[in-house]
Amino acid sequence: DAVGAEALRNVPLTATSVDTEGVASFSGAVASSWTGSGTLYAYYPYKEGAGTSDATLVNGEIPAEQTMTSEGSFDTAAAYMVGMPIEVESSSATKLDVTTKFRQLNCFVNLSCKAIEVEGVSADDVVETVRLRVEGKCLAGGFLLNLATGECEFSEPTDGVSVAVPNGMTLGNLSAWIVVNPFELTEGDQMVVEVETADHIIRKYISGRNINFGIRQVITLNLSVDSSCEITPKVKTPRTVTYTLADKSIVVEEALQGAHPITHEAQLHIVPLAQ
């Protein structure tokens, strides 16, 4: 931010190392023709095209649809951080070596399954998606991030977040991470927690509670699958499957649920039809 909008650059720096104390080192090249005093602003995660004509403003987004990492962590594309502004002196041949600190701008929600007390729902049920919604609250959406103050101004707010969990996560070992914009849950609000498994949609309503989903906080929600939950079994949709055997075709209709595959080891008992 030295010689006007024409010199602004929104470029990625790449982490090269992280030491034992958790301090990360980043490096990268910033093409610029200015010399003298200036200010560098930093944010995470980098997004191409996020820059504006103001050095202190970038466009960001907490996605309403998130995907956890395969290792079981939160969606890094949703977890925004802002760095302290860095005052620098530059010349045409300067290699800058600077230090800054970042702070988280979001709240992290961890959802687990505390107990299962409903017949027909098993700890082995495979979880597909977890959803969190609070009507009237801004949980996600597009925003303008002020890199000088860390403030976010949402232009496209949404009141819910959906998270795809890693393959194979079951209800019994559920540990879903949801990144949300900080908000205050009051006694008059109703939070809807929904867990979709391969076999059921489990919905629970939480009201009459005060919970501060504050900035940089981790909030743990322990879900009890009990009589207070709405349990909706998924409808098994019949489909037609054609097997070709010795140039003869037979048609078998099977009631399969979700994306359960037909294995190659499946055995067919064929009864000849009357001529």
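Predicted model: local features only at pLDDT ≥ 70, side-chain atom pairs only at ≥ 80, totals over all residues.

Guide: Happy to! Residues are numbered from 1 along each chain as its sequence is written, and side-chain values use heavy atoms, leaving out hydrogens and water.

Strands here are DSSP runs of E with at least two residues, numbered from the N terminus, and two of them pair if DSSP finds at least two bridges between them. Strands 10 and 15 run antiparallel and are joined by 6 bridges. They belong to an open sheet of 3 strands, in the order 15-10-20, with mixed pairing. Strand 15 (175-180) and strand 20 (218-225) are the edge strands, each pairing on one side only.

Now for the core. A nonpolar core is a set of buried Ala, Val, Leu, Ile, Met, Phe, Trp, Tyr and Cys residues joined through side-chain atoms within 4.5 Å, where buried means under 20% relative accessible area with a 1.4 Å probe, protein chains only. The largest such core has 49 residues, and L174 and M191 have the most contacts inside it. Strand 10 (residues 107-116) gives the most to this core, with 5 residues. Counting contact as heavy atoms within 4.5 Å, L174 touches several residues beyond four places away in sequence, including L111, S112 and C113. C107 is buried too, with a relative accessible area of 0%.

Note on methods:
Buried < 20%, exposed > 50% of the residue type's maximum accessible area, 1.4 Å probe, protein only. Helix = DSSP H or I, 4+ residues; strand = E, 2+ residues; numbered from the N terminus.
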